[in-house]
Structure formats: structure tokens, C-alpha cells
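The following note sets out comments on the structure shown here.

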Amino acid sequence: MIDELSIRMKARQFMAGLDLSRIDEDLSVYVEKVNAKLSTEELGEGESGYTLTRRNGKSSIVVNELERKERRRFSACHEVAHLVLGLASNHQEIPSWSYAKRDNNEIACDIFASELLMPFDAFKRDVDQEAPSFELVERLRAKYVVSFAACASRLAAVTDYPCAFVFMNSTVVRYASRSKALRELNAWVEMRAPIPAGSVAARLIREGEWSGEDAGISQDVWFRDWPKGYDLVELAKHYPAFEETFSLLWFEQEGGPEEPVQNWGGAPVQEDDGLRELDGVLRFQKRSRKK
Amino acid sequence: MAQSSLGLLLRRLREARDLSSRELGQLAEIDHTYIYRLETGEKQSPSEELLARLLRVLKAKPREVEMAQFMLNNDVNPDWVEHVLATDMTAEMFEMGATMRHRGGGRPDMEAIEARVRRALEDDA
């Protein structure tokens with residue numbers, strides 16, 4: 001299991017003392033710290049970058065010049081992560097978007113890269129200015145020069161709102177990023193499960209629409225084993241050509257449970273372990289009031 | 001049976017000397033069935049002393065000795081070993097290609113990796 005907090009702390013240690021004022025244009029502050037040189041090349045389709053390291057410790061990081069700027073920057077930081085964390089590449093041919101199958105080393109490097117591109121202190125200050133929204137994601141992605149998904153995922157992780165960003169592919173939930181406040185409420189989004197039927201995301205797919213929102217999505221639609229109770233705000237985007245759907249969910253301030261929801265009496269060992277074992281005992285001990 | 005990169009190197013060196021596993025075993029004073037298992041990947045991670053004895057009998061060149069020592073502690077794609085043996089690449093080039101890190105789903109073929117390694121070293125010159 002990936003220790004996300006530990007990876008983020010390593011990234012922050014790596015960044016400590018560096019001048020981050022120009023990282024939106026120039027990543028050399030990171031690249032030089034790992035004794036590497038960054039360049040671009042025309043690489044094959046699907047290959048975003050690679051790193052070669054000599055015996056003297058000097059490395060060459062190369063990113064695919066055919067990919068868009070946000071992706072090239074993420075690839076460069078992902079390669080820096082490989083060097084800092086000392087992690088090898090997984091040599092199986094797995095699409096980078098496939099969260100369900102990706103190697104732990106690659107996911108760890110993605111987490112590290114997101115920290116480099118969206119430094120916690122500055123990013124959190126920006127996020128705290130207003131409530132979550134896709135407009136805020138768009139503004140921040142432009143400022144930090146990152147992809148929509150990377151920015152939304154980070155926003156959900158650092159906001160003080162009980163909030164989650166969910167990435168779905170081919171009608172299946174692939175990845176979810178949750179804020180500390182939401183995790184503390186015992187809210188779990190089921191990985192590898194079908195997109196919940198009552199969600200905005202499911203409606204967009206069903207009706208072939210590109211975007212939608214609803215401020216009255218019952219909390220039990222998204223969170224595993226939760227009772228009905230409060231309503232969530234859900235904003236969703238659907239890209240039929242890529243079979244990708246994103247949802248941003250959150251409780252408005254003072255609009256969600258005040259205490260952890262007692263769902264089934266314990267946290268799962270791993271978020272992506274699939275369904276818990278059935279034991280015949282209903283554990284909805286406490287129902288939150290309906291707003 | 002899983003292919004072993006070190007086993008592949010040892011087999012290629014043995015074949016180049018035109019020795020059977022049994023003959024190599026006799027010369028190195030190692031059970032020939034152990035040599036067979038090393039070559040097929042059934043046995044991995046021989047001791048450094050045993051590996052050195054095999055390489056000495058096989059008259060391995062310095063490059064091949066360095067490759068074998070590197071493979072004692074690192075997983076290497078057997079296709080890369082095969083490719084390097086057919087070229088004049090140095091042991092450092094072998095290690096660079098073996099430890100190359102990728103991002104994304106696409107994977108370059110062995111010729112492309114060789115070209116990248118050479119280009120990286122030329123950039124330093």
C-alpha cells in the first residue's frame with residue numbers, strides 16, 4: 001500500500017530551501033538538484049518521458065515534445081521523483097491513466113510530482129480563498145500549469161471542505177482524492193465500482209451530456225455504506241471521446257455531518273480492496289439528520 | 001520457466017566457448033545441474049565466489065564480468081542483455097539502458113534504447 005503522506009513529506013523535504021518563484025515557467029530548480037539535465041525529444045505515442053543515469057550519478061531526463069506543456073512538466077517532475085525516491089520503473093506496458101493497474105512506484109512518483117508542481121503552502125493559500133468549483137480548478141491549473149485532473153485532485157486533497165475529486169473511466173470509478181475533513185468523516189469512495197446510479201456523473205454518461213451540477217445529491221450515493229442524510233454538491237464533466245468523467249463533490253460549510261459517520265464499525269484495510277466481507281450485521285447505528 | 005538475464009549471459013558465454021553444461025561443470029568444479037538451473041532461471045543469485053569461478057572458466061571479458069556482477073543485484077530485461085552482447089556497448093552503457101526509467105504506456109525497442117544511451121553520453125562529450 002502506498003504511504004501517500006510519507007511521499008508528500010519527502011517531496012516537501014526535497015523542496016525545502018529552494019527558490020520556487022519561477023516553477024510555473026522553469027523546473028530547473030528541481031532538475032539541477034538531482035544532478036540532471038532536462039531536454040525534449042520526439043518520442044513514440046504513449047511514451048511521455050525517460051531518464052538515463054550514468055555511473056557518475058549525472059542523469060538525463062527527456063520528455064516527449066509532442067505532448068502538451070502540462071503533461072511535459074508533469075513527466076519531468078515524475079522523473080525527478082524516480083531519482084529522489086530511488087524507485088525503478090515498472091516495465092509492463094500499462095497506460096498511465098490506468099489507476100486500477102498501475103504499479104505502486106509509478107503512483108508514488110505521481111504523488112511526488114504533484115507536490116513539486118503545486119507546492120502545498122502556496123496552493124493551499126489559493127484554494128482557501130473560495131469554495132471548491134470547476135472555475136477555481138481552471139484558474140489554478142492555469143496558474144500552476146498542470147492538467148485539470150491533477151489540479152482538481154490536489155484541490156480536493158488540500159481544501160478544508162469535506163471534499164472529493166473522483167476520476168472515472170469507462171463507467172467505472174478509478175481514483176478518488178479526498179480532503180482531510182472528508183476522510184475524518186469516514187467517507188470512502190468505492191474503487192473499481194460502477195459509477196453510482198444517482199450521481200451527476202452517471203446522468204451525464206446516460207444522457208450524453210458534457211457537464212452538469214446538482215446541489216442535492218444524497219450523501220449515500222457516493223460514500224460507501226453511508227446512510228441517507230445530508231446532501232452533497234456534485235459538479236461533473238464527461239468526455240465521451242476518451243470515456244473519462246470527473247466529479248468534484250463536497251458538503252457546503254455546515255451542510256454535512258459534524259461527526260464521523262458510523263458506517264460499519266471500522267476503517268477498511270485498503271481503500272481499493274473491493275467490497276468488505278458480508279457478516280450479516282447491519283451497522284447503520286447512527287443516522288444523520290436530513291438537511 | 002522464467003527467463004533469467006544472468007542465466008542468459010552465462011549460456012551465451014558457454015556456447016561461445018563451445019562447452020556443454022557438463023564440461024563447464026567439470027572445469028569449474030560445480031554441479032552441472034546447478035549450472036543448468038542458473039541458465040534457465042530456476043536458480044538465481046549465485047554467490048559472488050561461484051559466479052567469479054564460472055566467469056573465469058568461461059574466459060569472460062571485462063565488460064561481461066561487469067555485466068554479470070551488475071545483474072547479481074539488479075533485475076535486467078533479458079532482451080537488453082541479448083542486444084548488448086551483439087554490440088560494442090560498454091558496461092556503463094549496459095547499466096544505463098538496464099536502469100532506464102520510463103513514463104507512459106509506450107516502450108521503446110532495444111535499438112531505440114541503445115540510441116538514447118549513446119546520445120546521452122555524446123551530449124557529455
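1. Glu15(B) and Arg11(B) form a salt bridge in this predicted model, with 3.7 Å between the closest N and O atoms; the term denotes a side-chain nitrogen of Lys or Arg within 4 Å of a carboxyl oxygen of Asp or Glu. Both residues belong to helix H1 (residues 5-16) of chain B, where they lie 4 residues apart, about one turn of the helix. Helices (H or I, at least four residues) and strands (E, at least two) are DSSP runs, numbered from the N terminus. Glu15(B) is partly exposed at a relative accessible area of 41%, and Arg11(B) is partly exposed at 22%. Here buried means under 20% relative accessible area, exposed over 50%, and partly exposed in between (1.4 Å probe, protein chains only).

2. As to conventions, this is a predicted model in which local features need pLDDT of at least 70 and side-chain atom pairs count only at pLDDT 80 or more, whereas totals for chains, interfaces and linings use all residues. Residues are numbered from 1 along each chain as its sequence is written, chains are lettered from A and ligands numbered from 1 in the order in which they are written, and side-chain values use heavy atoms, with hydrogens and water left out.

3. A salt bridge also joins Glu115(A) to Arg154(A), with the closest N and O atoms 2.9 Å apart. This pair links distant parts of the chain, from helix H4 of chain A, which holds Glu115(A), to helix H7 (residues 148-158) of chain A, which holds Arg154(A), 39 residues apart. Glu115(A) counts as buried because its relative accessibility is 0%; Arg154(A) is likewise buried, at 3%.

4. Asp110(A) and Arg103(B) are joined by a salt bridge with an N to O distance of 3.2 Å. This pair crosses between chains, Asp110(A) being in helix H4 (residues 104-117) of chain A and Arg103(B) in strand S1 (residues 101-104) of chain B. Both Asp110(A) and Arg103(B) are buried. Over all chains, 32 salt bridges are counted.

5. Which residue of strand S2 of chain A deserves a comment here? Glu47(A) is found in that strand and is buried, with a relative accessible area of 3%. Beyond its neighbours within four places in sequence, Glu47(A) is in contact (heavy atoms within 4.5 Å) with residues of both chains, including Asn64(A), Glu67(A), Arg103(B) and Arg116(B).

6. The buried residues in H8(B) are Met110(B), Ile113(B), Glu114(B), Arg116(B), Val117(B) and Ala120(B). They lie on the same side of H8(B), because they cover an arc of only 165° around the axis, taken from the directions from the helix axis to the C-beta atoms. The face turned away from this buried side carries the exposed residues Glu111(B) and Glu122(B). The buried residues of H8(B) pack against strand S2 (47-53) and strand S3 (59-64) of chain A, together with helix H6 (78-85) and helix H7 (91-98) of chain B.

7. The largest nonpolar core has 50 residues, and Tyr30(A) and Phe123(A) have the most contacts inside it. Such a core is a set of buried Ala, Val, Leu, Ile, Met, Phe, Trp, Tyr and Cys residues joined through side-chain atoms within 4.5 Å. Not counting residues up to four places away in sequence, Phe123(A) touches several residues, among them Met118(A), Leu140(A), Tyr144(A) and Arg154(A). A second, separate core of 41 residues includes Val62(A), Leu50(B), Ala68(B) and Leu72(B).

8. Asn35(A) lies in the loop between helix H2 (28-33) and strand S1 (36-41) of chain A and is partly exposed, with a relative accessible area of 40%. Leaving aside neighbours within four places in sequence, Asn35(A) is in contact with Asn56(A), Gly57(A), Lys58(A) and Ser59(A). The C-alpha atoms of Asn35(A) and Ala201(A) are separated by 44 Å, the two residues being 166 residues apart along the chain.

9. For chain A as a whole, the secondary structure comes to 10 helices and 8 strands. Of its 291 residues, 51% count as buried.
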